[in-house]
Amino acid sequence: MTDDARNQMEILAGSLPFLKRYDDQIVVVKYGGHAMGEEEAAARFGRDIALLEQMGVNPVVVHGGGPQINAMLKRLNVQSTFVNGLRVTDAAVVDVVEMVLSGTVNKQVSDCITRAGAISVGISGKDGGLIRARKLTRSYRDPESNIEKVLDLGFVGEPEQVDPQVLELLIAADIVPVVAPVGVGADGQTYNINADTAAGAIAGALSASRLLMLTDVPGVLDAEKRLIPEMTVARAKAGIAEGWISGGMIPKIETCIYAIEQGVKGAVIVDGRVPHAVLIELFTDGGAGTLIVP
């Protein structure tokens, strides 16, 4: 038995009362692009997802791939610009985004799970009509003129409708779906979708028991920078309004709130850098991040 397998067993051995908690339940896991670049961390993630499936849980993985997209754009000498922190995705960039997300990254994640002993199939939001997308628009206030302006991000989209039928068919066949966050518009146009947003929409459409958002922070911190193990939607909204939830944590919280309002029983922001964070969150009493509940 490898050291990593021994660590898995130690987590489960101390979690016997919780092992049936998610039996036959759907758990959507958003897997970030930075962790995918580390070979051992990616293999460990694959083993954890495969173990979930073997234990009777129905995992669905939605992945990002920002670092991999950046590397390919640089390799192909395709220019990419950012406005207010958002990538402007023109026709050349969206082609690269789809190639990387739906191709290289999607198949790497799926392969890690399959090699760990579960059957996994990689798809994109365009497959089976999974994600119907619409163009994402953002407004901003011009600091010079103080006039509200519309920011055109090109082919950046957001889910307009999610049809989970293809995912349900895979789950029923004991296959782990791995989803690239690329959607298609009513006119057939391909759109790049934020992976967090896609994961939240998919979790809501599946009425998942849990949405796990793997990130690179311990979870949600209070005004004194202490980890909050559990919070309600009302407290999360208050934290945004009061300012102690800020920056990049706001869109993650908003995604969790959206998923819960769509029927997800709970959403967790968890540090994906912690070995076996998914298992610790699901099968131990203390969890590994911040659980948001209705």
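Biologist: What is the phi of glycine 243, which follows H8?

Modeller: The model is predicted, with local features needing pLDDT of at least 70, side-chain atom pairs counting only at pLDDT 80 or more, and totals for chains, interfaces and linings using all residues. Residues are numbered from 1 along each chain as its sequence is written, and side-chain values use heavy atoms, leaving out hydrogens and water. Helices (H or I, at least four residues) and strands (E, at least two) are DSSP runs numbered from the N terminus. Glycine 243 comes after H8 and its phi is positive, near 95 degrees.

Biologist: Which residues of H8 are buried, and how wide is the arc within which they fall?

Modeller: Buried means under 20% relative accessible area, exposed over 50%, and partly exposed in between, with a 1.4 Å probe and protein chains only. By that rule Val233, Ala236 and Gly239 of H8 are buried, while Ala234, Ala241 and Glu242 are exposed on the other side. The arc is taken from the directions from the helix axis to the C-beta atoms. Seen down the axis of H8, the buried residues line one face of the helix, because they fall within an arc of 120 degrees.

Biologist: What covers the buried residues of H8?

Modeller: Contact here means heavy atoms within 4.5 Å. The cover includes S12, H9 and strand S14 (289-293).

Biologist: Are H8 and H9 roughly parallel or roughly antiparallel?

Modeller: Axes are lines fitted to C-alpha atoms, for helices over the stretch in contact, and angles run from 0 to 180 degrees between N-to-C directions. Angles under 35 degrees count as roughly parallel, over 145 as roughly antiparallel, 65 to 115 as roughly perpendicular and the rest as oblique. The axes of H8 (residues 233-242) and H9 (residues 249-261) come within 11 Å and cross at roughly 150 degrees. H8 and H9 are therefore roughly antiparallel.

Biologist: How do the residues of the contact of H8 with H9 divide?

Modeller: H8 contributes Val233, Ala236, Lys237 and Ile240, and H9 contributes Ile250, Ile253, Glu254, Ile257, Ile260 and Glu261. Ala, Val, Leu, Ile, Met, Phe, Trp, Tyr, Cys and Pro count as nonpolar, Asp, Glu, Lys and Arg as charged, and the others, Gly among them, as polar. The division is seven nonpolar, no polar and three charged.

Biologist: At what angle do H7 and H9 cross, and how are they oriented to each other?

Modeller: The axes of H7 (residues 195-206) and H9 come within 8 Å and cross at roughly 10 degrees. The orientation of H7 to H9 is therefore roughly parallel.

Biologist: Which residues make the contact of H7 with H9, and how do they divide?

Modeller: From H7 come Asp196, Thr197, Gly200, Ala201 and Gly204, and from H9 come Lys252, Thr255, Tyr258 and Ala259. They divide into three nonpolar, four polar and two charged.

Biologist: Which residues of H6 are buried, and what do they pack against?

Modeller: In H6 (residues 165-172), Leu167, Leu170 and Ile171 are buried. These residues are on the same side of H6, because they cover an arc of only 100 degrees around the axis. They pack against strands S1 (26-31), S2 (58-63), S5 (119-124) and S8 (175-180), and against H7.

Biologist: Is serine 102 buried or exposed?

Modeller: Serine 102 lies in helix H5 (residues 91-115). Apart from neighbours within four places in sequence, serine 102 is in contact with Val97, Lys107, Ser124, Ala180 and Val182. Because its relative accessibility is 19%, serine 102 counts as buried.
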